[in-house]
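Here is my note on the model you sent. Please read the numbered points with the structure open.

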Amino acid sequence: VRDSDERVLAASVSDSARFGALVDRHGPALHAYLARRVRVDVADDLLAETWLAAFTSRTRYDRRRGPVRGWLFGVARYTLMAHLRQQRCASAETAAARSGPVLDEEWAAVDARLDAAAASSDLRAGLAALSPADRELLLLVSWEQLSPIEAAAVQGIPAGTARSRLHRARRVMRDHLATEAGPDAARSSRSSQ
Amino acid sequence: MTRPRVFDTSRAAWEPLASLRDVPPVEEEVLAGVHAVIGRAAAVERAAGTTPRPVRRRSPRHRTWLAAGALAATITAAAAVVASPWSVQTTAPDVVATGTGPLPEGGPGTAVGSCAYEYNLSALDERAFAFDATVTAIDSGGLFGTNQVTFQVHEWFRGGTEPVVTLDMIPPVEPGDAVSDSRQLTSPSYTVGTRLLVSGEFPQEETSLQEATVWGCGFTRYYDPTTADAWRTALD
């Protein structure tokens, strides 16, 4: 029986060698999270940054803020956002362009990914219709396969808020995809709400 | 003939999205590199007898080291000063926490510079917020190992009006501290009572100080009247 993430993290405070087990467990998933949003070589670097940040701040983990897995994704998100912000600062010509929401940068990367995958226009339109925070939450659940509680920990919001936002995001996506599926599906979608 | 999609409202509405989640698996050497980084940090921790300071942003020029994968573990300390601030344990200079004293020069190309931007008044003018304030409280419960630092603001140069603000800041360096992030060397030490000139960037929301990033590298520095005048003029 393997120890829970929380026990491993707690043990790693006094025995740092224990921390490696978390890398083995969650390293691939964190890398995938990053690689869906930046180039793979950049994801490689950000992965190391993420884990070092997690290691150096492991004593500050607070279980009340969510599961360890959600906390780790939160560290990865923090690292990713800092990277995207820095990239934008380096490329944007005006202060106004540099100060916009960083999640817009993430959306640009996600949109490019959808483009490369020839995603349906309705799928993209549905995602574009979401607020940046709702869209990020949706992707955390869909792509990273986090639970709503874990996704809430990533965004630093209460679990109930995450569930509410997911419900709202799902409804928007359902409407767009039902439109694509045809009038019958659209009616079915509307009647189920 | 294309088969029409059967829309089942009982299934997750994002299922079509989930089908687009595939990415190449992480390479073994990348994970080995992570283990090496953690191993070095653990060694630093053991040698220092304390938990290393948390890491904040690095410049892109420091990102090349991981390509060497596990070889990074064999980099000599001298080379690592430039190659990776993580792999180095340096000792803080005798920085005083009384609110005075020079800051080491940061910026590209310097030994202590993992700074993306060199401090000058023109670069300062691009920061989203700036103020003159005195530290009134320090709480270690900030995001990812940072401190939550509360300021009594004497003057806002840009980006706010609140008389009291609390921001996440990288922990201060104290004389003899083990430093795991070279940017700590380009940030002022501080304690309750230290008067600082602080600047930085807002997070995702354009004007929110919550989770704002306080910039080091000279963009946050000890207060003195002359510098405050220069900030006031530059940020006007």
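1. A:Glu144 is buried, at 3% relative accessibility. Buried means under 20% relative accessible area, exposed means over 50%, and partly exposed lies in between (1.4 Å probe, protein chains only). A:Arg36 also counts as buried, at 5%. The side chains of A:Glu144 and A:Arg36 meet in a salt bridge, 2.5 Å from N to O. A salt bridge is a side-chain nitrogen of Lys or Arg within 4 Å of a carboxyl oxygen of Asp or Glu. A:Glu144 sits in the loop between α8 and α9 of chain A, and A:Arg36 in the loop between α2 and α3 of chain A, 108 residues apart. A:Arg37 joins A:Arg36 and A:Glu144 in a network of salt bridges.

2. A word on the basis. This is a predicted model: local features need pLDDT of at least 70, side-chain atom pairs count only at pLDDT 80 or more, and totals for chains, interfaces and linings use all residues. Residues are numbered from 1 along each chain as its sequence is written, chains are lettered from A and ligands numbered from 1 in the order in which they are written, and side-chain values use heavy atoms, leaving out hydrogens and water.

3. Which residue forms a salt bridge with A:Glu6? The partner is A:Arg63, with the closest N and O atoms 3.1 Å apart. A:Glu6 is in helix α1 of chain A, while A:Arg63 is in the loop between α3 and α4 of chain A, 57 residues apart. A:Glu6 is partly exposed, at 29%. A:Arg63 is exposed, at 58%. Over all chains, the structure holds twelve salt bridges.

4. Chain A has eleven helices and zero strands. Helices (H or I, at least four residues) and strands (E, at least two) are DSSP runs, numbered from the N terminus. Of the 193 residues in chain A, 55% are buried.

5. Look next at A:Gln155, in helix α9 (residues 148-155) of chain A. A:Gln155 is buried, with a relative accessible area of 11%. The side chains of A:Gln155 and A:Glu136 make a polar contact at 2.5 Å. A polar contact is a pair of N or O atoms within 3.5 Å; within protein, one must be able to donate a hydrogen and the other to accept it, and residues adjacent in sequence count only if both atoms are side-chain atoms.

6. Now the largest nonpolar core. Such a core is a set of buried Ala, Val, Leu, Ile, Met, Phe, Trp, Tyr and Cys residues joined through side-chain atoms within 4.5 Å. This one has 50 residues, and A:Phe19, A:Leu34, A:Leu47, A:Trp51 and A:Trp71 touch the most other members. α3(A) gives the most to this core, with ten residues. Beyond its neighbours within four places in sequence, A:Leu47 is in contact (heavy atoms within 4.5 Å) with residues including A:Leu34, B:Val26 and B:Val30.

7. Chain B has paired strands. Two strands pair if DSSP finds at least two bridges between them. Strands β2 (residues 129-139) and β3 (residues 147-158) of chain B pair in the antiparallel sense over nine bridges. B:Phe131 has B:Trp156 in β3(B) as its bridge partner. Six bridges join β3(B) to strand β4 (residues 164-169) of chain B, also antiparallel.

8. B:Asp125 forms a salt bridge with B:Arg158, the closest N and O atoms being 2.7 Å apart. B:Asp125 is partly exposed, at 35%. B:Arg158 is partly exposed too, at 23%.
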